[in-house]
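Please look over the sequence and the fold shown here before reading on.

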Amino acid sequence: AAPRIGSLRRPDHQQAHLVLGFLGTTIRSPDRYALDVLATVLGGQGGRLFVELRDREALAYSVSASSQEGIEPGSFTVYMGVDATKVDPAVSGMLRILRRLVAEPPSEEELARARRYLIGGYEIDLQRGANIAAALASNHLYGLPLETLERYPAAIEAVSRDAVFVATQKYLDLDAYVLSVVHP
């Protein structure tokens, strides 16, 4: 399959929004934890997109990556908010970083940072009763065991460098992605 590109002009926007998306995994797949770690290696402060494309190359206002799972395969996406004049170099930069991850796994330091961030954020989220109730309800709707809520930190901690590398190669098919661009 070839990459597909969609574009939408919005004259009321001041910047361009780019989303590069791939077919993801399901809520029941053990790959979901490796994809969560991969998304954190890419996005957020200290992530590759942030450091390389935002800080070093000044190509983006904001960057992120996420994995959304469902009963059916969800999506793995990379997002950048950029100046409208920087769309082409920003897309090239995203693809360059993704190619490097497909060719070589992230460092142990990147993985440790990602694991700490994910587990810390998860534990902070679960300090609110409403978040616990929502997570339990979602798990029930997806047919997941109640213990899934308690197992997440250990599942993230167990994600190895090899698991992230295998998931990267499996899901980030650089010949079959969707690129959506919203620009002025």
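The model is predicted, so local features need pLDDT of at least 70 and side-chain atom pairs count only at pLDDT 80 or more, while totals for chains, interfaces and linings use all residues. Residues are numbered from 1 along each chain as its sequence is written, and side-chain values use heavy atoms, with hydrogens and water left out.

The largest nonpolar core has 48 residues, of which L42, M80 and M94 touch the most other members. Such a core is a set of buried Ala, Val, Leu, Ile, Met, Phe, Trp, Tyr and Cys residues joined through side-chain atoms within 4.5 Å. Buried means under 20% relative accessible area, exposed over 50%, and partly exposed in between, with a 1.4 Å probe and protein chains only. Apart from neighbours within four places in sequence, M94 is in contact (heavy atoms within 4.5 Å) with L18, L20, L49, L53, V78, M80 and L179.

Helices (H or I, at least four residues) and strands (E, at least two) are DSSP runs numbered from the N terminus. Helix 4, residues 108-125, buries E110, L111, A114, R115, L118, I119 and Y122. Seen down the helix axis, these buried residues fall within an arc of 150°, taken from the directions from the axis to the C-beta atoms, so they line one face of helix 4. The face turned away from that buried side carries the exposed residues E109, R116, Y117 and I124. The cover over the buried residues of helix 4 includes helix 1 (31-42), helix 2 (48-56), helix 6 (148-157) and helix 7 (161-171).

How do two of these helices meet? Helix 1 and helix 4 pack at an angle of about 105°, with their axes 9 Å apart. They are therefore roughly perpendicular to each other, a term for angles of 65 to 115 degrees. Helix 1 contributes D36, V37, T40 and V41 to the contact, and helix 4 contributes E110, L111, R113, A114, Y117 and L118.

In helix 2, the buried residues are R48, L49, F50, E52 and L53. They pack against helix 1, strand 3 (62-68), strand 4 (75-83), helix 3 (87-103) and helix 4. F50 has a relative accessible area of 16% and, not counting residues up to four places away in sequence, touches L42, G44, Q45, D55 and V63. After helix 2 comes A58, whose phi is positive, near 50°.

Technical notes
Axes fitted to C-alpha atoms, helices over the stretch in contact; angles between N-to-C directions. Parallel < 35°, antiparallel > 145°, perpendicular 65-115°, else oblique.
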